[in-house]
Amino acid sequence: MNQTLNKTIKTLILTLPLTFALTGCVVVVGDDEGRGWNNSNSSSEWKEVQRTNKAKIAQLEVGETISQVKTTFGSADFNEAFTDNDKQYQVLFYRTRHKHSDGETTKDECTPLIFVDGVLQSWGQKAYKKL
């Protein structure tokens, strides 16, 4: 019995420090490309995107083509399209305001740009609600 006790004590002495050493280990898995709003630079990234989009929207003019706008703005956060009375409607949404601290962009954080037959007709929530 004395040998069993000695063996148990030796095992504890060897494994106890290892156990405490491993309790501090943390594995971090993240988005290598930094696209998510949850990474360490997220606050400044989405603020810059919003500021830039607001400045671009302030320069918009009715009559611009969807191709021109996409070249200026890049990919939209959301894109909707439908046909009504033989007219093709397309709505591109670009992030312009922060509402939710959830790491996701939602439509209520975006400004809609409304195109009819590929030409910019209007923008903003008031115009979007009229569709």
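**Exercise 1.** Is Glu 48 buried, exposed or partly exposed?

*Solution.* Start with the cut-offs: buried means under 20% relative accessible area, exposed over 50%, and partly exposed in between (1.4 Å probe, protein chains only). Glu 48 has a relative accessible area of 38%, so the residue is partly exposed. A note before we go on: this is a predicted model, where local features need pLDDT of at least 70 and side-chain atom pairs count only at pLDDT 80 or more, while totals for chains, interfaces and linings use all residues. Residues are numbered from 1 along each chain as its sequence is written, and side-chain values use heavy atoms, leaving out hydrogens and water.

**Exercise 2.** Find what joins the side chains of Glu 48 and Arg 51.

*Solution.* First, the criterion: a salt bridge is a side-chain nitrogen of Lys or Arg within 4 Å of a carboxyl oxygen of Asp or Glu. Next, the distance: N to O is 2.6 Å, and the two side chains meet in a salt bridge. Finally, the location: both residues sit in helix α2 (residues 42-58), 3 residues apart, or about one turn of the helix. Helices (H or I, at least four residues) and strands (E, at least two) are DSSP runs, numbered from the N terminus.

**Exercise 3.** Work out where Glu 109 and Arg 95 lie and how accessible they are.

*Solution.* The two form a salt bridge, with the closest N and O atoms 3.5 Å apart. Glu 109 is in the loop between β2 and β3 and Arg 95 in strand β2, so their pairing ties together parts 14 residues apart in sequence. Now check burial: Glu 109 is buried at 0%, and Arg 95 is buried too, at 2%.
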